[in-house]
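Below is a short report on one model.

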Amino acid sequence: MKTIGVLTSGGDAPGMNAAIRSVTRTALAMDMSVKGIYRGFNGLLTNHIDDFSPRSVSNIIGRGGTILYTARCPEFIPIEGVRKGVQTCKNEGIDGIVVIGGDGSFRGARDLSNEGVPCVAIPATIDNDIASTNYTIGFDTAMNTAMELMDKLRDTTQSHDRCSIVEVMGRRAGYIAIHTGIACGANSILTLETKDDYTIDNAIKRIINTKTNRYRHFIIVVSEGYTAETKVDANSLAKKIEAATGIESRATILGHVQRGGTPSVRDRVAASQLGYRAVELLKEGKENRVVGFMKNSIVDYEINAALDMKKDNNDELFKIAKTISF
Ligand code: F6P
């Protein structure tokens, strides 16, 4: 392994730059050359690739987004696209690639490995929805962004005796919702995982049972996945709650602001650890692996095995949220 490539793919996440920096500096320290591949797997199809020196990654550890840009790449799903990528690697002398992204990016890494370009993937997504790791890069920063915004929202919600419905990101999993819901003292948290329990009707009952002349403001956190699956958007939820409870209600969708911002300590350190380990694995001749954290240790799995794993639903956290929020 003389030259490794590094790319970021899928939705961006704060801490991706810290991972790029760690991969680059670790590889250079291990006497390998590094090439930055731009816009995810697209860079392999368009030949947008640069040589990286230690200075290419100076002053990026604290920056959100990704200096390599990111994209989803449908052209890389058919095998012809993957083979074109393999040819680019041959032309550029790239012997292995570190892929930083979510599980869609893992599939690209697996396909490239199967076609002869060894890849190691690093989990990075604000959703924390990857089963083969307890933690994905970007989750902590995104939660803190959402929490700060919700704290601000509570000020005005309380002043006006209103109910705020806050939609947070999380297409397939409610980890941001449950954590920020607890952190901000939400009265109800609606996610895909709790659909049967924390229904909108139950949330309404909780408001009716809790409201008094003195206490009349409420925060309801709802995950993006919940509104998508139930096909009731945050504004419609607000209208429903207002009609049923008499409490004036407003919807706020936090949206992509959750994906930006300077990464937290946790994200910078996690990215640095996983970047280091990913390069070590390539150097050891391993391929088709994904790195991650399990019970405070750094682990790695074969990519298909990782994709088959099921993540736990955070039942304990939901039980706690239900007990202490009213
Ligand atoms: O990266 C994860 C995520 O932010 C999800 O929470 C969200 O559903 C999705 O990406 C949004 O993707 P896009 O930026 O392509 O709209």
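A residue counts as near a molecule or strand if one of its heavy atoms lies within 4 Å of it. This is a predicted model, in which local features need pLDDT of at least 70, side-chain atom pairs count only at pLDDT 80 or more, and totals for chains, interfaces and linings use all residues. Residues are numbered from 1 along each chain as its sequence is written, and side-chain values use heavy atoms, with hydrogens and water left out.

**The ligand site**

Which residues are around the ligand? They are Gly 11, Arg 72, Thr 125, Ile 126, Asp 127, Met 169, Gly 170, Arg 171, Glu 224, His 256 and Arg 259.

| Residue | Protein atom | Ligand atom | Distance |
|---|---|---|---|
| Arg 72 | side-chain N or O | oxygen | 2.5 Å |
| Gly 170 | backbone N or O | oxygen | 3.2 Å |
| His 256 | side-chain N or O | oxygen | 2.8 Å |

On its own, the ligand has 400 Å² of accessible area, and the protein covers 80% of it. Such areas come from the Shrake-Rupley method with a 1.4 Å probe; for residues, only the protein chains shown count as cover.

**Helix α3**

Helices (H or I, at least four residues) and strands (E, at least two) are DSSP runs, numbered from the N terminus. Helix α3 covers residues 79-92. The expected span of a helix is 1.5 Å times one less than its number of residues. For the 14 residues of α3 that gives 20 Å, and the end C-alpha atoms are 20 Å apart, which agrees.

Buried means under 20% relative accessible area, exposed over 50%, and partly exposed in between (1.4 Å probe, protein chains only). Which residues of α3 are buried? They are Gly 81, Val 82, Gly 85, Val 86, Thr 88 and Cys 89. Seen down the axis of α3, these buried residues fall within an arc of 160°, so they line one face of the helix. The arc is that of the directions from the helix axis to the C-beta atoms. An α-helix has 3.6 residues a turn, so residues three or four places apart point the same way. On the other side of α3, Glu 80, Lys 90 and Asn 91 are exposed.

Contact means heavy atoms within 4.5 Å. The buried residues of α3 pack against α2 (42-46), β3 (49-52), β4 (96-101) and α4 (103-114). Gly 93 follows α3 and has a positive phi, near 70°.

**Helix α4**

The 12 residues of α4 should span 16 Å at 1.5 Å a residue; the end C-alpha atoms are 17 Å apart, which agrees. This helix is mostly covered, with nine of its 12 residues buried. Among them are Phe 106, Arg 110, Asp 111 and Leu 112. The cover over the buried residues of α4 includes α2, α3, β4, β5, β10 and α11 (303-308). Gly 116 follows α4, with a positive phi near 105°.

Ser 223 lies in strand β8 (residues 218-223). Ser 223 is buried, at 1% relative accessible area. Beyond its neighbours within four places in sequence, the contacts of Ser 223 include Glu 167, Gly 170 and Leu 192.

Phe 218 also lies in β8 and is buried at 1%. Phe 218 and Asp 161 are 57 residues apart in sequence, yet 8.0 Å apart in space, C-alpha to C-alpha. Arg 162 is one of the contacts of Phe 218.

Arg 162 sits in the loop between α5 and β6 (163-168). Buried or exposed? Arg 162 counts as buried, at 16% relative accessibility. The side chains of Arg 162 and Glu 248 are joined by a polar contact of 3.3 Å.

Most residues other than glycine have a negative phi. Asn 128 has a positive phi, near 55°. Asn 128 is in the loop between β5 (119-123) and α5 (139-159) and is buried, at 4%. Lys 295 has a positive phi of about 45°. Lys 295 is in the loop between β10 (289-294) and β11 (297-302) and counts as exposed, at 75% relative accessibility.

Terms used:
A polar contact is a pair of N or O atoms within 3.5 Å; within protein, one must be able to donate a hydrogen and the other to accept it, and residues adjacent in sequence count only if both atoms are side-chain atoms.
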